[in-house]
Amino acid sequence: ITWDVTINTIGAELDNATVTDPMPSSTDGTVPTTLKTTTIYPLTVNLNGNVTSTGPALVAGTDYTVDGSGKITFIGKYAKTYSAFKIEYTSDIDSSKLPDDGGQVSFKNTATLSNNGTNYPANATVDANYGKLIAKSYDGQDNNGSQKYNWHIDYNYGEKSLAANTSIVDTLS
């Protein structure tokens, strides 16, 4: 999942600001995600607070730090700034926990900007749809009058990580 968090489009002073965004589990708690990457881009914003352009990515370790829990701290020339930013997080979904029968899995993510002792939370929800691990269906008889019947198998539409020796056995009656 790619999460985009936009902060400070109003141009307030950020003073040693931090952003926390713990990677969520599915809303039912069964499918965890883990933080994969964090990238921060400076934004140009017009007087109405609308983003007009995105600059080149900031440099980790020079412009910001990210700790083990994913907490971002702006440092260097961005420790005190009026700039707006887009933070892009990518998270991996634990595919082994996805339902074998498919369906929708929802993830609610909450990011929090902390600045001058005040917290500003924002959240978003994404619904990921998965197919079944295996499904078989009958497509009908050939149109040429033969005794040929057409079937198809949908395999791993749930996007699971499967072992190399995984196989399918199709037994006809």
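Trainee: Which element gives the largest share of the lining of the largest pocket?

Mentor: In this predicted model, the largest share comes from β10, with 4 residues. The elements that give two or more residues to that lining are β1 (2-7), β10 (103-115) and β11 (118-130).

Trainee: What is the volume of the largest pocket, and which residues are closest to its centre?

Mentor: The volume is about 230 Å³. Of the 15 lining residues, Thr-6, Ile-7, Asn-8, Leu-113 and Tyr-120 are the closest to the centre.

Trainee: What classes of residue make up the lining of the largest pocket?

Mentor: The lining has 10 nonpolar residues, 5 polar ones and no charged ones.

Trainee: Why is Gln-104 called exposed?

Mentor: Exposed means over 50% relative accessible area. Gln-104 has 53%, so Gln-104 is exposed. This residue lies in strand β10.

Trainee: What does Gln-104 touch, leaving out residues up to four places away in sequence?

Mentor: Gln-104 touches Asp-127, Ala-128 and Asn-129. As for Ser-91, Gln-104 is 13 residues from it in sequence and 18 Å from it in space, C-alpha to C-alpha.

Trainee: Why does Ser-95 count as buried?

Mentor: The cut-off for buried is under 20% relative accessible area. Ser-95 stands at 15%, and therefore counts as buried.

Trainee: Where does Ser-95 lie, and which residues does Ser-95 touch beyond four places in sequence?

Mentor: Ser-95 lies in the loop between β9 and β10. Ser-95 touches Glu-159, Lys-160 and Ser-161.

Trainee: How many residues are in the largest nonpolar core, and which have the most contacts inside it?

Mentor: The core has 24 residues, and Ile-7 and Phe-74 have the most contacts inside it. The elements giving two or more residues to this core are β1, β7, β9 (84-93), β10 and β11. The largest share of the core, 4 residues, comes from β10. In soluble globular proteins, nonpolar side chains tend to be buried together.

Trainee: What is Phe-74 in contact with, leaving aside neighbours within four places in sequence?

Mentor: Phe-74 is in contact with Ile-7, Ala-17, Val-19, Ile-40, Leu-58, Asp-63, Tyr-64, Ala-79 and Phe-85.

Trainee: How do you know what confidence the predictor gives to this protein?

Mentor: The mean pLDDT is 91, and 100% of the residues reach 70 or more. Confidence is lowest in strand β12 (residues 134-141), at a mean of 89, and highest in strand β7 (residues 72-74), at 97.

Conventions:
Residues numbered from 1 in each chain as written. Predicted model: local features only at pLDDT ≥ 70, side-chain atom pairs only at ≥ 80, totals over all residues. Heavy atoms only, no water. pLDDT = per-residue confidence, 0-100. 1 Å grid on protein atoms, 1.4 Å probe; cavity = no way out; pocket = protein on both sides within 12 Å on 5 of 7 lines; lining within 4 Å. Points joined across faces, edges and corners; volume = space filled by probe spheres on them. Nonpolar A, V, L, I, M, F, W, Y, C, P; charged D, E, K, R; others polar. Core = buried A, V, L, I, M, F, W, Y, C linked by side-chain atoms within 4.5 Å. Buried < 20%, exposed > 50% of the residue type's maximum accessible area, 1.4 Å probe, protein only. Contact = heavy atoms within 4.5 Å.
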